[in-house]
Amino acid sequence: MNPTRRQTTLGGAAGALSTLLGGRAAAQTSTTGQAAMTADLLLVNGRFSTLDRRNPDPQAAAISDGRFIGVGAEQDMRALAGPTTAIVDLGGRRVIPGLIDSHMHIIRGGLNYNMELRWDGVRSLAQAMEMLKRQVAVTPPPQWVRVIGGFTEHQFAEKRLPTLDEINVIAPETPVFILHLYDRALLNAAALRAVGYGKETPDPPGGEIQRDANGNPTGLLIAKPNANILYATLAKGPKLPPEYQLNSTRHFMREMNRLGVTSIIDAGGGFQNYPDDYAIIEKLHAAGELTLRLAYNLFTQKPKEELADFAGWANQVKPGQGDDLYRHNGAGEMLVYSAADFEDFRVERPDMPSTTEGDLEPVVRLLAENRWPWRLHATYDETITRALDVFEKVNRDTPLQGLHWFFDHCETISDRNIDRIAALGGGIAVQHRMMFQGEDFVERYGARAAERTPPIARMLEAGVPVGAGTDATRVASYNPWVSLAWLVTGKTLGGLRLYPQRNLLDRESALRLWTQANTWFSTEEGKKGQIKTGQLADLVVLDRDYMTVPEDEIQDIESVLTLLGGKPVHGTGDYAGLAPPLPPAMPDWSPVRTFGGYQKRAGMDDRKYAFAAACGCASACGVHGHAHASALAATVPVRDEGSFWGALGCSCWAF
């Protein structure tokens, strides 16, 4: 339905819209004599999921000065219109509050987004390798081609990663670095030369450089279980200059807006130093170019010097310092290195050292005394138990109630520890890492153990604040709809059903974890997360109805219109052109220019990539075995479908 069909609609007031969205509201007198606000923008003919239980299904919403000033019947909202009010007809589309990711690494990710080839959403290794080949062809020396997480081998029809031989055939001279979650990285020969890894290079603590029979590195780096080898190797690559990092961050924010995200809590990250690595995001904030609301946590970077890090930062910045677009949120997700476990389910659970409690206690005391909220990465119940011992000890001297501290992840948390968290007033932020690693977890621990990874329903029953996020960009995709699909279906990207019905959420409950519930984790309750009078006007119009589409389509949902504080930050289709245009992705060889970010299933040529599943590639094709990705790397006419099949002469690929 065309959104410009009604009076004083968006199309007829485009000029007014661009002016009024930056202006302030005027007062008018209502028929009752009471002062009312004149709306800058009216949204009508929508199917609103407000998440306001007192007003669950209105017809329209009015926005002024960046906030909702009315949500209700269309006739009542039209009474708030003035001569310059823009009216947007939503054509009966589903409307939800702007999504909030309670755990993401967008500040670090933004600095690198334009350099990364994203395999997020790609459903065939053959397609992934074709993308890699095309990117290698345009990447100039000494730059690398990087695929930095956000995917799992289980999402591919072939159910495997590329081989090093396949990568080397595609890229004999251009360095290629492929990060698979936080369990391994694949480097071609050119990348090994670029990072200087050779026969004499020692294995770092907690990591392995795989070697051939002669002791030479093969190109496979394995986290056993420490991901520092992956972090450190990636850090050796070229970086974008500051002006390109600004451009890169803007493109990444717009990608998140395309998927309906309007707020993110940044969880810090390895090699993300404060304040140096925050200069780009702060410059964008100062220039008024943020299209997301960001609350950031500070992540210690110095093993054995963590207390000094936080003591210094406590004198520089205070929780809540900033504004509604950019604000400090406390400490973590790394508080002390000795308390960090890892989420690689391919290997055994790591045991924390005996020093963990002694290292953690002074940091937690410092944070509690300074009223700094914190978040702590904890995958396993054993880690949570030991951390809670420390938290309870500190709580006896400095009460933690009201501090909005929380654990991240908690895949194997016990009922007892859920109740301990509730008693201390803490929360739990969950992510969809199991959607990417569920098969690995089941292989190691069994299907029964996987049924509550994590036990979200039990957390909610205990009254613990629970919020949802992605932990993107490395161990999972940044696409929030993939997470929402996981919460509702309990399935992995590979199609494995992990959870019984009792640990699944209905669609509204899942959406609430991505909106209203997440405001607790940034201490912003009542400010956003609902379509409700007085709250910030962050809102998303969807391309399909989240509440009614088949479960398998939830992960494919996108936004057609995203508003941040009532201003368009993304628009497509009927709403194309409403958001300010972005300059092209920089540099000119950026994978973003060619491929964009998350890859749509609907945009793929399903016939071309159906062969992998049809021929049973996971077990082996009778003619070619597992050589499908190798064939795409070879010098054959892959861009022409008919010649491709004929040149390879295997009918199993075509059906």
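Trainee: Which residues of β11 point one way, and which the other way?

Mentor: In this predicted model, V176, I178 and H180 point one way from β11. F177 and L179 point the other way. In a regular strand the side chains alternate between the two faces of the sheet.

Trainee: What makes these residues buried?

Mentor: Buried means under 20% relative accessible area. V176, I178, H180, F177 and L179 are all buried.

Trainee: Why is β11 called largely enclosed?

Mentor: Five of the five residues of β11 are buried, so the rest of the structure largely encloses this strand.

Trainee: How do you know that β11 and β12 pair?

Mentor: Pairing needs at least two bridges. Four bridges join β11 (residues 176–180) to β12 (residues 184–187), so by that cut-off they pair. The two strands run antiparallel. H180 stands opposite R184 in β12, and F177 stands opposite L187.

Trainee: What lies between the strands of this hairpin?

Mentor: Three residues. L181 takes a positive phi near 50° in the hairpin.

Trainee: How do you know that β10 pairs with β11?

Mentor: The cut-off is at least two bridges. Four join β10 to β11, and these strands run parallel. V145 stands opposite V176 in β11.

Trainee: What do β10, helix α5 and β11 make?

Mentor: A right-handed β-α-β unit, with α5 at residues 164–170.

Trainee: What is the strand order of the open sheet?

Mentor: The order is β10-β11-β12-β14-β13, five strands with mixed pairing.

Trainee: Why is one side of β10 and of β13 left without a neighbour in the sheet?

Mentor: β10 (145–148) and β13 (207–211) stand at the edges, and each has a single partner strand. The twist averages 15° from one strand to the next.

Key
Residues numbered from 1 in each chain as written. Predicted model: local features only at pLDDT ≥ 70, side-chain atom pairs only at ≥ 80, totals over all residues. Heavy atoms only, no water. Axes fitted to C-alpha atoms, helices over the stretch in contact; angles between N-to-C directions. Buried < 20%, exposed > 50% of the residue type's maximum accessible area, 1.4 Å probe, protein only. Right-handed = clockwise from strand over helix to strand, strands pointing away.
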